[in-house]
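Let's take a walk through a protein together. Keep the sequence and the picture side by side as you read.

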Amino acid sequence: MPLMHFLFCEDHVQSLDNLSFLKRMNRCWQDHCRQTVSMMCNRYQNSSGICAFRVTPYSPPSGKSILTLCMHRRDTGLELFRTHIVSDSAVQKRTVEGILEQIELERNGETVDRSLLRSLLGMLSDLQVYKDSFEERFLTETNRLYAAEGQRLMQERDVPEYLHHVSRRLEEENDRIVSYLDQSTQKPLISCVEKQLLGEHMTAILQKGLSTLLDENRVTELALLYQLFSKVKGGLPTLLQFWRDYIKSFGGEIVCTPEKDKDMVQELLDFKDKMDNVAQTCFARNESFINAMKEAFETFINKRPNKPAELIAKYVDSKLRAGNKEATEEELERILDKIMIIFRFIHGKDVFEAFYKKDLAKRLLVGKSASVDAEKSMLSKLKHECGAAFTSKLEGMFKDMELSKDIMIQFKQYMQNQSEPSNIELTVNILTMGYWPSYTPMEVHLPPEMVKLQEVFKLFYLGKHSGRKLQWQPTLGHAVLKAEFKEGKKELQVSLFQTLVLLMFNEGEEFSMEEIRTATGIEEGELRRTLQSLACGKARVLNKNPRGKDVEDGDRFNFNNDFKHKLFRIKINQIQMKETVEEQVSTTERVFQDRQYQIDAAVVRIMKMRKTLSHNLLVSELYNQLKFPVKPGDLKKRIESLIDRDYMERDKETPNQYHYVA
């Protein structure tokens, strides 16, 4: 089969620019294909510009098929083209350099003739020199280009812009594979781009931009970051570590900044929602990222012992208290569910229980609970999370309130049968001491009518429950008083302390603070707050002389006959002393005391069962059994205390070993 005569003289090759040379080379290749095919096959070209064959009717020599002959002649033609043209070093060099130049121009944003590149690269592939003559050089140049580009752009651009650039580059290179590069180039080409633009800069990208992306909730860029890092070896583990560190750092700042205590719980809930959304929408619900988030939350929330547990309890109180108009029942349920997720991370759940119980008691006793259903729903969630032992006392409080209602129905019937019915309607809540928070007993001077009614109730109750002891708690009492002003009659909803003060003005016109304290027996600090609520608040049923916001020692008080209010029944709020440091310390101290009892009980239980145990094994057993965080030093103190009290003893020869003393 004759070879088409197309030999380049060296001078002519050098006189053409690269693009013209490529076009000349492509024409030669197309002519050669046509000449080869014309011998036995109709001319036909596919869309790629590479020769294909359709066999015409022809009688082959004996023993050979038409297709075999055609393919043989085609292979011979390709071999002749390769030998005489492409194997020429100058021709091959100019061809490859020209193609690389066109690709570089396209990478720089210029438009090139893709059909020309497709035809020439198809030629190299048909001639079986694509890999050696082109691909190696192409990948080397690509590596060099993107290495330099990655270094430069990491300095010049912010992370979101850089990520979009990388994504665009990967799309462009994949498009080149489809348009004109051989399919075999795809894997090494994409790997090269990913390595130079991502793999070499993973840590720098995350250090420079992850915090900003998360702070600003840039979900689009975060999803892109995850998608890109998932392509690179070690990308997701690196992202996971930075994600975990970010959560610990950001959350630690919320928890460990006392100035943020007021909004700590709401900020924690918002932060958790935000991180959940990132994990779900940006990180493809990746289980590793979700687990890392949980671990990070648990770590930072316990950096500051006790305080988060206390504030979560108070946050729940604010949501369950009457007057909270922020949420419908469905929204309240969702809030409680979210609270439980945060609660789950806390180690010292007994601190939460102590403050929750104290606030629950106030809501139940003063009738401030927004919804019994919501209260019971929260109790059910706590029971499911922590077990029946955790909620048994809380459930006991609800049981006391229900039993008290039944007792009061019986007491009213009892009072109807009395010969001297009282003009005061008494309601009593009977509280089981072990269930409720402990209250400091306070002796106050009640009016004779109240004392008499208390005795009547005591007689009634102990008649039904002999052997029990009643201890009255005036700090929790409240009353409705009927009052007459110039404007007319009003009803005042007040605390028992406010009641005792106001009843004094039935007996006199004006009293000093000292006179009121002597008559009522109310503790001085409590009395100041009580007088402040009656004379300095919004509903001023008393006048204070001299005027002022605070109650001082020399102040005198008289009944405000000119008091006016649009409502008939007016609730006069007690000036709530912000929970004092003493009260907080008292609650925390009770928790600490309970923990000491639990540690002691656990040590005795373990030693009774094991008889002899080394210090390290005993401590290890205690950590397994105790459900609150405890330091090794505290355990050591409790062990020493039990040794002093002869529950156990040290081994005489091995001081680090203990024996149970029966």
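We begin with the whole protein and then visit some of its residues.

The model is a predicted one, in which local features need pLDDT of at least 70 and side-chain atom pairs count only at pLDDT 80 or more, while totals for chains, interfaces and linings use all residues. Residues are numbered from 1 along each chain as its sequence is written, and side-chain values use heavy atoms, with hydrogens and water left out.

Start with the overall picture. The protein holds 25 helices and 11 strands. Here helices (H or I, at least four residues) and strands (E, at least two) are DSSP runs, numbered from the N terminus. Of its 662 residues, 44% count as buried. Buried means under 20% relative accessible area, exposed means over 50%, and partly exposed lies in between (1.4 Å probe, protein chains only). The accessible surface comes to about 36300 Å², and 49% of that belongs to carbon and sulfur atoms. Such areas come from the Shrake-Rupley method with a 1.4 Å probe; for residues, only the protein chains shown count as cover.

How does the chain meet itself? A contact means heavy atoms within 4.5 Å. Among the contacts with a separation of 6 or more, 68% are between residues 24 or more positions apart.

Now find helix H5, residues 114–126. Its 13 residues should span 18 Å at 1.5 Å a residue, and its end C-alpha atoms are 18 Å apart, so the two values agree. (The expected span is 1.5 Å times one less than the number of residues.) The buried residues of H5 include Leu116, Leu120 and Asp126. After H5 comes Gln128, whose phi is positive, near 60°.

Which residues does Ser179 contact, leaving aside its neighbours within four places in sequence? They are Arg114 and Arg118. Ser179 itself is in helix H7 (residues 159–179), and it counts as buried because its relative accessibility is 15%.

Ile407 counts as buried because its relative accessible area is 12%. Not counting residues up to four places away in sequence, Ile407 touches Ile430, Phe457, Phe460 and Tyr461. Ile407 and Thr427 are 20 residues apart in sequence, and their C-alpha atoms are 9.6 Å apart in space.

Next, look at some backbone angles. Most residues other than glycine have a negative phi, and most peptide bonds are trans. Arg285, though not a glycine, has a positive phi of about 55°. Arg285 sits in the loop between helix H12 (264–282) and helix H13 (287–301), and it counts as exposed because its relative accessibility is 57%. Asn306 also has a positive phi, near 75°. Asn306 is found in the loop between H13 and helix H14 (307–320), and with a relative accessible area of 29% it is partly exposed. The peptide bond from Asn545 to Pro546 is cis, with omega near 0°. Pro546 belongs to the loop between strand S6 (542–545) and strand S7 (556–559).

Finally, turn to the cysteines. A disulfide is a pair of cysteine sulfur atoms within 2.5 Å, and by this rule the count is zero. Is Cys536 buried or exposed? Cys536 counts as buried, because its relative accessibility is 16%. Cys386, with a relative accessible area of 21%, is partly exposed.
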